[in-house]
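Me: I've got a model open and I'd like to learn how to read it. Could you walk me through it, feature by feature?

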Amino acid sequence: MDCGLLSRFVPALCLLWGTALVAQVRPTIRPTAREKKPAIDVFAEAKGKILRWQFEPGEVLELKKFSEQLVKSGESEEKRSVFHRVLLEVKNADPAKGYLLEGTFLTLLKSGETQNVYTETERYVSSFYLQPRGQFLTERGQYMPNIRSVPSFPENRDPALQDEAALEPGSSWEMPGEEVMRFAQQITVPFTVHYEYRGTEKLKTDNQEKNCHKFISNYELNYGENNNPGPRVLGYVTAVWFWDPEQGIPCFAQEDYNAILADEHGLTNEFKIKSRSFYRKYRARNEEAKLALAQKVKDQLNDSAAPTEVRVTDTGVAITLPDVLFATNSYKLNRDARRTLRQIGKLLQQLDNPHILVRGHTDSTGEEEYNQRLSQRRAEAVANYLIEELEISPDSISYEGRGSRDPVADNSLEEGRAKNRRVEIILLDK
């Protein structure tokens, strides 16, 4: 499953659209009985095979993709670090369609001004079906996931099979894929992916060694025609994959993406991107576990210097820091703020693979542009303190400013405005 480059995210195949045919039958004519086709069970074909996606309802698939990007437009050139985080919950398993995945696709950017922390720039909520062999079923016109059917696997060949059906080192196969891109209009760029199986190899991740199945993939991008109006896309993509046979997902992938994109007006951008992708799956906390975590946070902050609020949300547990932790119209943390964050940091260090979103808010007083900037700087200050002073991994933290868009109280009252001026540290499950 791949994820965002410009806004590149995950793999899939187009949804098969059926046309309902209604037959008008005269009363004097008996309709001919039609032979029923056997029901398709995409999971039955996957049994006993290794290169197949495997999930149970309730599991969450996490993808973290880190990209170093060089973007050229005319004479200008820009380097940037981009972090894509995908969190997808498995809602159910349909024998005809596959696994129904639903969740968020996030794009986060680290600029030269924010060396330690990523700021969220794009967020999409989407759902789609993923079949064990790697094909995706998506709605017509859907943007995310926009990299589709990479990786995917042949039907009758696998490392677990024997004789001619076996995949041995040097064996290859081809499968279709596509990438959805946005110009003036959304387009779909189809391509054929060539895969080659390289056998098994030990991969060290998180201080553990896993015996993974290694394969490579490559494909060309070629869309549009010279001298014709409309977008033009040219490029090539190569990747190395390490597949975890126990989990039924990739555990790591490394990709080179090189493309030239020309829009309808002939404006050309060149992208050179190197990325590393890390996958894992886990079960999100149930309500009981979230309540237990919230109580643990409350106990940790029992003697906090500031009156914090802890609550359970649909996506995790949120810790609210009040406005009094900052000077008026300032994003500089005061002494009480630093003390409170040290207490929170001790708890965060105990969490396994935390997902932390720091979100800043203001009241509605003043210009919205100013409020947006202040909320973002306050969130950034908190995130930076957690990273620099408390040694929380920067890969676990992102931040965003919401300005006055998400009030929790009445902005016409001073008491309400005080409640709206806040920073939230959200411990995300999904």
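Me: Let's start with strands. Which residue in β2 does K72 stand opposite?

Reply: Some ground rules before that. This is a predicted model, where local features need pLDDT of at least 70, side-chain atom pairs count only at pLDDT 80 or more, and totals for chains, interfaces and linings use all residues. Residues are numbered from 1 along each chain as its sequence is written, and side-chain values use heavy atoms, with hydrogens and water left out. Helices (H or I, at least four residues) and strands (E, at least two) are DSSP runs, numbered from the N terminus. Two strands pair if DSSP finds at least two bridges between them. Now your case: K72 stands opposite E77 in β2. Strand β1 (residues 59-73) pairs with strand β2 (residues 76-94) in the antiparallel sense, over 14 bridges.

Me: How many residues sit between β1 and β2 in their hairpin?

Reply: The β1-β2 hairpin has 2 residues between its strands, and G74 in the turn has a positive phi of about 65°. β2 and β3 make a hairpin with 3 residues between them. To find your place in that pairing, look for V90, whose bridge partner in β3 is L101.

Me: And what about β9, which strands does it pair with?

Reply: Strand β8 (residues 186-205) is joined to strand β9 (residues 208-223) by 11 bridges, and the two run antiparallel. E196 has I216 in β9 as its bridge partner. β9 also pairs with strand β10 (residues 232-244), in the antiparallel sense over 11 bridges. There, K214 stands opposite F242 in β10.

Me: OK, helices next. What numbers describe two packed helices?

Reply: The angle between their axes and the distance between the axes. Axes are lines fitted to C-alpha atoms, for helices over the stretch in contact, and angles run from 0 to 180 degrees between N-to-C directions. Take helix α2 (residues 287-300) and helix α3 (residues 335-348): their axes come within 10 Å and cross at roughly 140°. That makes α2 oblique to α3; angles under 35 degrees count as roughly parallel, over 145 as roughly antiparallel, 65 to 115 as roughly perpendicular and the rest as oblique.

Me: Which residues meet where α2 and α3 touch?

Reply: K296, V297 and Q300 in α2 meet Q343, K346 and L347 in α3, with contact meaning heavy atoms within 4.5 Å. By class, this contact has 2 nonpolar, 2 polar and 2 charged residues. For the classes, Ala, Val, Leu, Ile, Met, Phe, Trp, Tyr, Cys and Pro are nonpolar, Asp, Glu, Lys and Arg are charged, and the others, Gly among them, are polar.

Me: At what angle do α3 and α4 pack?

Reply: α3 packs with helix α4 (residues 368-388) at about 55°, with the axes 10 Å apart. That makes α3 oblique to α4. On the α3 side, R338, L341, R342 and L348 meet V382, Y385 and L386 of α4. This contact divides into 5 nonpolar, no polar and 2 charged residues.

Me: Now the rings. How many aromatic pairs does the structure hold?

Reply: There are 20 aromatic pairs. Rings of Phe, Tyr and Trp (its six-membered ring) pair if their centres lie within 6.5 Å; planes under 30 degrees apart count as stacked, over 60 as edge-to-face and the rest as tilted. One to look at is Y124 with Y143, which is edge-to-face at 5.5 Å centre to centre and 70° between the planes. The pair links distant parts of the chain, 19 residues apart: Y124 is in strand β4 (residues 118-130), and Y143 is in the loop between β5 (136-137) and β6 (147-148).
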